[in-house]
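Please read them with the structure open.

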Amino acid sequence: MIMTSPLTFEPVLERIAEEMERTPGRGRPADYIPALAACDPRRFGMAVAELDGTVYGVGDWREPFSTQSITKVFTLALDLAREGDELWEHVGREPSGNPFNSLVQLEYESGIPRNPFINAGALVVTDRLQTRTGDASGELLTFLRTESGNPDLDFDLEVAASEFAHGDRNAALAHFMASYGNIDNPVPVLLDQYFRQCSVRASCADLALAAGFLARHGSRADGARLLTLTQAKQVNAVMLTCGTYDAAGEFAYRVGLPGKSGVGGGIIAVVPGRCTLCVWSPGLDERGNSVAGVAALDRFTTLTGVSVF
């Protein structure tokens with residue numbers, strides 16, 4: 001089935017939602033973050049946003065959830081827009097092959113994280129955005145509110161506090177990179193900004209709309225340019241190769257789109273020049289990706305024939 005009109009999104013989404021409802025084995029919520037552990041793994045929502053801001057959805061597509069690592073895409077874009085290629089001197093662009101909170105590679109690679117989507121890399125990006133703006137998480141929130149058209153988006157301070165209280169591994173990553181001179185701000189300041197960033201609550205509709213600049217090759221909803229064409233290509237490329245932790249190869253194989261997941265159960269995906277998607281279901285697999293979310297995106301590209309390949 002090849003899509004010929006945006007109107008065909010709705011029956012495709014409805015069919016996917018029906019299939020997901022019948023699918024057993026939906027994984028488990030992120031129990032290492034106490035504030036997320038109580039989420040119902042059977043919840044499911046999915047939204048598709050067109051380039052012009054038209055958005056379609058099914059299920060819990062208007063229900064806010066904890067975005068977690070999905071926000072790393074937006075902080076990457078906001079910092080890349082400010083400093084350009086200098087950023088890549090401080091963080092790499094290669095898949096890690098290790099868990100997202102691993103310390104191992106930093107020792108071998110002199111405090112330079114493999115990519116901006118593992119925790120160490122995201123800490124570097126947040127640190128650099130903090131240096132340039134004085135309020136990295138506030139800059140992120142303003143951007144998300146503007147691009148989604150939802151002024152009510154906000155941090156979940158309970159989730160941020162929960163992560164801060166259980167954030168020893170992230171603190172270790174930050175201190176280790178600081179010892180190599182790859183962190184500018186005091187580590188407690190950086191961690192506060194980082195945990196606030198990850199705690200943003202947003203819906204599938206909000207995130208599909210907010211990520212639209214990646215489908216529009218770097219242009220924001222109002223037509224202003226955030227990223228150059230090359231920078232937008234770079235962000236999409238890193239999403240494709242690194243956006244779903246150490247399951248990025250499997251995600252590319254099954255879905256065929258640039259994507260970024262979060263342990264809150266959300267995944268955003270981009271069809272450059274066409275649309276953006278967001279799916280949410282809190283049950284995760286062993287690598288931290290939503291079981292139903294990956295399956296739904298797999299079905300979307302299969303049913304529509306849309307992918308980057």
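Predicted model: local features only at pLDDT ≥ 70, side-chain atom pairs only at ≥ 80, totals over all residues.

1. Residue numbers start from 1 along each chain, as its sequence is written.

2. Start with helix α7, residues 157-165. Which of its residues are buried? They are Val159, Ala160, Ser162 and Glu163. Seen down the helix axis, these buried residues fall within an arc of 160°, so they line one face of α7. Leu157, Glu158 and Ala165 are exposed on the other side.

3. What does the buried face of α7 pack against? Its buried residues contact α2 (34-37), β3 (65-66) and α9 (187-199).

4. Look next at the N-terminal end of α7. Asp156 caps it. A side-chain oxygen of Asp156 lies 3.1 Å from the backbone nitrogen of Glu158. Glu158 is also one of the exposed residues of the helix.

5. Now the sheet. Five strands form an open sheet in the order β2-β1-β8-β7-β6, and the pairing is antiparallel. β2 (55-59) and β6 (259-261) are the edge strands, each pairing on one side only. From one strand to the next, the twist averages 10°.

6. Gly259 has Ala269 of β7 as its bridge partner.

7. Finally, which strands does helix α14 lie across? This helix, residues 291-304, lies across β1 (45-50), β7 and β8 (275-280). Relative to β8, α14 runs at about 145°.

Methods: Heavy atoms only, no water. Buried < 20%, exposed > 50% of the residue type's maximum accessible area, 1.4 Å probe, protein only. Helix = DSSP H or I, 4+ residues; strand = E, 2+ residues; numbered from the N terminus. Arc of directions from axis to C-beta. Contact = heavy atoms within 4.5 Å. Polar contact = N/O pair within 3.5 Å; in protein donor to acceptor, adjacent residues only side chain to side chain. Pairing = 2+ DSSP bridges. Axes fitted to C-alpha atoms, helices over the stretch in contact; angles between N-to-C directions.
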